[in-house]
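Here is a friendly walk through one protein model, taken a piece at a time. Keep the sequence and the 3D view side by side as you read.

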Amino acid sequence: MGLGDAVDGRVFHVKLPGHDAMARRADEHVLPTRVLLPRRVVDGPARQVAKRLMMALLVLAATVLIVWMDRGGYHDAADGKVDLLDAVYYATVTLSTTGYGDITPYGDAARLTNVVLVTPLRVLFLIILVGTTLEVLTERTREDFRLKRWRTNLRDHTVVVGFGTKGRSAIQTLCATGLKKEQIVIVDPATKVIEIANAEGFVGVVGDATRSEVLLRAELQKARQIIIATQRDDTAVLVALTARQLNRGAKIVAAVREEENAPLLRQSGADAVITSASAAGRLLGLSVLSPSAGTVMEDLIQQGSGLDLVERPVIKAEVGKSVRETDDLVVSVLRGHRLLGYDDPAASPLQLTDRLITIVRASNPSPSDGPSTGLPRPRD
């Protein structure tokens, strides 16, 4: 797909607004693709190794102290005496199970001390060393197991391409409506960005979302909805084309900067296209003309506080009634693929298969529970 290619017989030109993280290439190399699951371990690998090394040194120091305090019960084949250096030497070769035999305990107390104290310290020392080695060796196996289990259980999830301002805001809105973090997968080319997403409890895929193999790692073929929140419009087009090719039934919502690029996104497979620049401009203009109206609009698009714009199905008690006879403040009626305004004569009477776009208070129950009475509709 070029910058001016034809889609379904129509030719579009994508306007490039600027630099985009999804289009970057480090040193002109292909970005590595990885799936990063949220980690529960707080300490980093270097910190963990340092802790275990400190534990091993403490065990060694304790063994040296025990031998030094009972040095009279040990015999050195070289000079018959055991000094501090000999105690350190004996503790080292004993804990490492080398045991040259040049220094040996001959007294009953020294032998009893070796059985009761030195031997458990030797076992503890070996556990620390072997445990560190096994953890390093099994980390990859454990991560592969977690990844396999995650892929098996993941379905009907949401894939968010881009974890910038738009992507974060979209995720906050989804979580405010009750979507679990485990059902969200973030795709971004920057490893640091994915690490931030992991710290917040999200699964992330490091890679370029315009490539099929990257989206397949995010299990996009099993996703229910896809949010494209890139910074460049041409990148969004390529992601939409790739995503639609991999998943024909998923709902794709994309954001563009320039309004003239919106038709190309729709032709590329996006079900809904949001023009971020013009939408922000219209909100600014509305706020200038009427600050109160601008505040209300901002409240509507901010999910979870004040007033919320929600979609819910028609209940049986509302079937056959007009839009104005419902308990909620209905803005539009979705009938099949047609979106009818509240004042459209075709919107009434309501049908059981209709869906209502309503304005409710954020404290009201979920729209799936039926109509809400928290926000009365205006009467004639």
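Leu 309 has a bridge partner in strand E15, and that partner is Ile 359. This is a predicted model, in which local features need pLDDT of at least 70, side-chain atom pairs count only at pLDDT 80 or more, and totals for chains, interfaces and linings use all residues. Residues are numbered from 1 along each chain as its sequence is written, and side-chain values use heavy atoms, with hydrogens and water left out.

The bridge belongs to the pairing of E12 with E15 (residues 355-361), which is antiparallel and runs over 7 bridges. Two strands pair if DSSP finds at least two bridges between them; helices (H or I, at least four residues) and strands (E, at least two) are DSSP runs, numbered from the N terminus. Strands of a sheet pair through backbone hydrogen bonds, either parallel or antiparallel. Step back, and you find an open sheet of 4 strands with antiparallel pairing, in the order E12-E15-E13-E14. Strand E12 (307-313) and strand E14 (338-341) stand at the edges with a single partner strand each, so one side of each is left without a neighbour in the sheet. From one strand to the next, the twist averages 30°, an angle between lines fitted to C-alpha atoms, taken from 0 to 180 degrees between N-to-C directions.

In strand E7 (residues 184-188), 5 of its 5 residues are buried, where buried means under 20% relative accessible area, with a 1.4 Å probe and protein chains only. Ile 184, Ile 186 and Asp 188 lie on one side of E7, and Val 185 and Val 187 on the other.

Now turn to helix H7 (residues 233-246). Its 14 residues should span 20 Å at 1.5 Å a residue, and its end C-alpha atoms are 20 Å apart, which agrees; the expected span is 1.5 Å times one less than the number of residues. H7 is mostly covered, with 10 of its 14 residues buried, including Asp 233, Val 237 and Arg 244. What covers these buried residues includes strand E6 (158-161), helix H6 (212-217) and helix H8 (262-267).

In the loop between H6 and E9 sits Glu 219. Is Glu 219 buried or exposed? Glu 219 is buried, because its relative accessible area is 8%. Leaving aside neighbours within four places in sequence, Glu 219 is in contact (heavy atoms within 4.5 Å) with Trp 150, Arg 151, Leu 154 and His 157. The side chains of Glu 219 and Gln 221 are joined by a polar contact of 3.1 Å. Such a contact is a pair of N or O atoms within 3.5 Å; within protein, one must be able to donate a hydrogen and the other to accept it, and residues adjacent in sequence count only if both atoms are side-chain atoms.

Helix H2 (residues 84-95) has 12 residues and reaches 17 Å from its first C-alpha to its last, close to the 16 Å expected. At its start, a side-chain oxygen of Asp 83 comes within 3.4 Å of the backbone nitrogen of Leu 85. After H2 comes Thr 97, with a positive phi near 60°.

Finally, a word on confidence: the chain averages a pLDDT (the predictor's confidence in each residue, from 0 to 100) of 79, and 78% of the residues score at least 70. Over residues 10-31 the pLDDT is below 50, though this stretch has 60 contacts beyond near neighbours in sequence in the model.

Definitions and conventions: Buried < 20%, exposed > 50% of the residue type's maximum accessible area, 1.4 Å probe, protein only.
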